[in-house]
Every structure is written in C-alpha cells, then in structure tokens.
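Please look through the report below, which describes one protein model and its surface.

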Amino acid sequence: MTNLLILAQDAVEQIVEEIAPVADTAAVDLMGAVAEQQAPATMGWSEILWITLIGFGLVFCVLVLLIYIIKIFGLVHYRKQALAAKAAEAAAKAPVSTASATITDEKVAVIAATLYLASGASREEGVLTFAPRRNSAWSSKLLTLTQLPERK
C-alpha cells in the first residue's frame, strides 16, 4: 500500500515538473493580454457633466411623478368624500316617518338606560368613582428623594 502511494507521488511530481514551465508562461501571457485590454478608464469633464445632468434629471422626473401620484390619491379621496356627502344629504332629505317624530329625548334616555341595565351591567358599574391615594411614589416627590444620613 505504501509502495503505491510512493509511486503515485512520483507520478504527480513528474507531471507537475513537465507542466509547470508551460503553465507559468501561459499565465503570464494571459495576464499581459488582460492588462492590455483593461486600460485605465479615464473620463473627461464632458462625460462627468453628462452623467451628473442625467442623474439630476432622473431624480427631478421621479419627484414630479410622485407629486402627480399624490395628487391623484387626493382626488380619489375627495371624490369619495363628495359621494358620502351626497348620500348623507339625500338621507337628510328623505321624509321622516311620523312615528319617530313623536319620540322625545327623555324617552330615548330611558330606553338607553334600560338597554344598558338589561345587558347585565349592575347599577354600580355605571358609576365612576375616584379615590386618589395620598402617599404614592408617583404623586409625591418627597418619597422619591433619598434621605440624608444623620450627622452626629
């Protein structure tokens, strides 16, 4: 087994010795050709000016486009509001039935209170009470201060 490994290593070394000079010259030739093709890119002032103007123009056009898109959204919203106002106006102009005209505000208040109490709420839940605490850290700055040590 070790003899096979030694023979394989010798074969690889021979192949590398034969190929190395050819590979080195091919790599140098390839690198030289690439270097000749990639001459340093120099830009004149005219190209720089054109790129700058195209960039500013593109940004300006996009901003104008955004302005018009926002205006279109505003018009759509305004039309929805106008349609809702027309519907409310038409509902206000609709004839009122005589049965609802005889209900007074007192009757509405009694019906609302009855429905509220019938929904399972007790009378005490409908009353709001407020009892502030006197000595809490939130309401008293004195409690948040550290006490000074006693001096003897």
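Glu-17 lies in helix 1, which covers residues 2-37. Helices here are DSSP runs of H or I with at least four residues, strands are runs of E with at least two, and both are numbered from the N terminus. The model is predicted: local features need pLDDT of at least 70, side-chain atom pairs count only at pLDDT 80 or more, and totals for chains, interfaces and linings use all residues. Residues are numbered from 1 along each chain as its sequence is written, and side-chain values use heavy atoms, with hydrogens and water left out.

Together with Asp-10, Glu-13 and Glu-18, Glu-17 gathers in a surface patch of negative charge. Like charges are joined within 9 Å, and nonpolar side chains (Val, Leu, Ile, Met, Phe, Trp, Tyr) within 5 Å. Asp and Glu count as negative, Lys and Arg as positive, and His and the chain ends are not counted. The place of a charge is CG of Asp, CD of Glu, NZ of Lys or CZ of Arg.

A nonpolar surface patch includes Leu-58, Val-62, Ile-69 and Phe-73 among its members, with about 770 Å² of accessible area for the patch as a whole. Areas come from the Shrake-Rupley method with a 1.4 Å probe. Ile-69 is found in helix 2.

Buried means under 20% relative accessible area, exposed over 50%, and partly exposed in between.

| Residue | Relative accessibility | Class |
|---|---|---|
| Glu-17 | 60% | exposed |
| Ile-69 | 35% | partly exposed |

Helix 2 (residues 45-93) is hardly covered, with 0 buried residues among its 49. Of the protein's 152 residues, 2% count as buried. The protein has 4 helices and 0 strands.

Technical notes: Buried means under 20% relative accessible area, exposed over 50%, partly exposed in between (1.4 Å probe, protein chains only). Patches are made of residues with over 30% relative accessible area and no salt bridge: like charges are joined within 9 Å, nonpolar side chains (Val, Leu, Ile, Met, Phe, Trp, Tyr) within 5 Å. A salt bridge is a side-chain nitrogen of Lys or Arg within 4 Å of a carboxyl oxygen of Asp or Glu.
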